[in-house]
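Let's walk through this structure together, from the overall layout down to a few individual residues. Have the sequence and the 3D view side by side as you read.

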Amino acid sequence: MKNFGTSLSITIQETGLSMDKLKFCPKCGHETLIWDGEKKWSCSNCDYVLFHNVAAAVALVIRCADEILFTRRNQEPQKGKLDLAGGFVDPKEGAEQTCSRELLEELKLKVSISRLRYLASLPNVYLYKNIWYNTLDLFYEYVVDEKFEVNMELSEISEVVWIKKSEINVDEIAFDSQKHFFENLY
Ligand SMILES: [Zn+2]
């Protein structure tokens, strides 16, 4: 693994696409909410404050020898592009638990948490129904001895592909954090 202590060069799109349309304060009812352009609404009429904080997510690098498992997204954002298995951390959940839960949900794979290896964290932005979410993607590696079949009666995935590490085309990858990870860190 290469050094990833330096600052990121990935392009983070402007956030706050529709955030300034949220105008009415849920506390005092006046049309006085102000979006700070990054992560916070505050009311200019009362003391109400609402944060839109960074969401944690996990990305699983499932590797068998020199091949890595990618999923193909069948829903927006980035439908049709390659993605790593993973997802958002639920409230009151540890990241390793998220890895275990997501792999069971997405791939029906039962993982041994002690074999998960934390690799790196990278910021990402995720557009869902016209709202930008800033995420912090936590990358974990999970090595398997044999490639496995996946039952495809799943909602978020249309296909699973194993790709040799040396043959990964980052233009095919859905998200900037994962592009950066494979270009620079893995
Ligand atoms: Zn108010």
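Two residues are counted as in contact here if their C-beta atoms, placed from the backbone, lie within 7 Å. Helices (H or I, at least four residues) and strands (E, at least two) are DSSP runs, numbered from the N terminus. What you are looking at is a predicted model, in which local features need pLDDT of at least 70 and side-chain atom pairs count only at pLDDT 80 or more, while totals for chains, interfaces and linings use all residues. Residues are numbered from 1 along each chain as its sequence is written.

Let's begin with the overall layout. The protein chain has two helices and ten strands, and along the sequence they follow the pattern β-β-β-β-β-β-β-α-β-β-β-α. Of the contacts in the protein chain with a separation of 6 or more, 55% are accounted for by residues 24 or more positions apart. A residue is called buried if 20 or more other C-beta atoms lie within 10 Å of its own, exposed if 12 or fewer, and partly exposed in between, again with C-beta atoms placed from the backbone. Buried residues make up 24% of the 186 residues in the protein chain.

Now find helix H1, residues 95–107. The expected span of a helix is 1.5 Å times one less than its number of residues, so the 13 residues of H1 should span 18 Å, and the 17 Å between its end C-alpha atoms agrees with that. Its buried residues are Thr-98, Cys-99, Ser-100, Glu-102, Leu-103, Glu-106 and Leu-107. The buried residues of H1 pack against strands E4 (55–64), E5 (67–73), E7 (85–88), E9 (131–143) and E10 (157–164).

Helix H2 covers residues 176–185, and Ser-177, Gln-178, Lys-179, His-180 and Phe-181 are buried in it. The cover over these residues includes E4, strand E8 (117–128) and E9.

Turn next to the strands. Two strands pair if DSSP finds at least two bridges between them. An open sheet of three strands runs in the order E1-E2-E3, with antiparallel pairing. Strands E1 (33–35) and E3 (49–51) stand at its edges with a single partner strand each, so one side of each has no neighbour in the sheet. E1 pairs with E2 (residues 40–43) over three bridges, and Leu-33 has Cys-43 of E2 as its bridge partner.

E8 and E9 also pair in the antiparallel sense, over eleven bridges; one of the bridge partners here is Leu-138 in E9, which faces Ser-121. These strands form a hairpin with two residues between them, where Lys-129 takes a positive phi near 50 degrees. Is Lys-129 buried or exposed? Lys-129 has 7 other C-beta atoms within 10 Å, so it is exposed. Glu-76 is 53 residues away from Lys-129 in sequence, but their C-alpha atoms are 8.9 Å apart in space.

Finally, look at Trp-162 in strand E10. With 15 other C-beta atoms within 10 Å, Trp-162 is partly exposed. Leaving aside neighbours within four places in sequence, Trp-162 is in contact with Cys-64, Glu-67, Ile-68, Leu-69 and Lys-147. Leu-69 is 93 residues from Trp-162 along the chain, yet their C-alpha atoms are separated by 4.5 Å.
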